[in-house]
Each structure stands twice: as C-alpha cells, then as structure tokens.
Amino acid sequence: MAQETKMFATKFMDHAAYAKKVKKMTYSELHFTIKDCREVLKAWPDQPNYSYYADEICYCADELRRRQKNYELLTNHLR
C-alpha cells in the first residue's frame, strides 16, 4: 500500500501588504500576474499554495476593476 505524502502551503498571503502592492503595479504587471497564476493553477490544480495564487488573481483583478471604474467616473465627469 502506497503512503500518500501530504504537502503543506509554503506561501502565505499578507493581505494588507498585497492590497497596497497591486496599487503600484502597472497594467502589464497586473495582467501578467493573473496570467501566470492561472497557468500555475491549471498545471497543478491540487497544489498546496492554491489559495495563495487564487488570492493573487483576485487582488490583481480587483485592482484592474477599480482602475476601470475610476477611469469611467473621470471620463463621464468631463463630458
């Protein structure tokens, strides 16, 4: 009978620090991070750091949405 090896997360999200970090990232960095994390999760979906990479995707996507909303508010105000 084969023994299953349990793997534990090695990356832990500092949510406050990461929320600040994404505000300083460029659009390219945000898009690259989302793409990279999706590829990692697709290649190894049952990995121990799944929640870390999922959090990265969420924070980057939220920042892109925030910027889009601010842009729309600004351009609508200028009309």
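The model is predicted, so local features are given only where pLDDT is at least 70 and side-chain atom pairs only at pLDDT 80 or more, while totals for chains, interfaces and linings use all residues. Residues are numbered from 1 along each chain as its sequence is written, and side-chain values use heavy atoms, with hydrogens and water left out.

Within α2, L30, T33, I34, C37 and L41 are buried, meaning under 20% relative accessible area, where exposed is over 50% and partly exposed lies in between (1.4 Å probe, protein chains only). Seen down the axis of α2, these buried residues fall within an arc of 95°, so they line one face of the helix; the arc is taken from the directions from the helix axis to the C-beta atoms. On the other side of α2, S28, F32, K42 and A43 are exposed.

The largest nonpolar core has 14 residues, and V22, L30, I34 and C60 touch the most other members. Such a core is a set of buried Ala, Val, Leu, Ile, Met, Phe, Trp, Tyr and Cys residues joined through side-chain atoms within 4.5 Å. Helices α1 (15-24), α2 and α3 each supply at least two residues of this core, and α3 gives the most, with six. Leaving aside neighbours within four places in sequence, C60 is in contact (heavy atoms within 4.5 Å) with Y18, V22, M25, L30, T33 and I34.

Salt bridges, in which a side-chain nitrogen of Lys or Arg is within 4 Å of a carboxyl oxygen of Asp or Glu, come to five. One of them joins K23 and E63, with the closest N and O atoms 3.8 Å apart. Because K23 lies in α1 and E63 in α3, the pair ties together parts that are 40 residues apart in sequence. K23 is partly exposed at 48% relative accessible area, whereas E63 is buried at 3%. E63 also meets R67 in a salt bridge (2.8 Å, N to O), and R67 is buried as well. K23, E63, R66 and R67 are linked in a network of salt bridges.

Definitions and conventions
Helix = DSSP H or I, 4+ residues; strand = E, 2+ residues; numbered from the N terminus.
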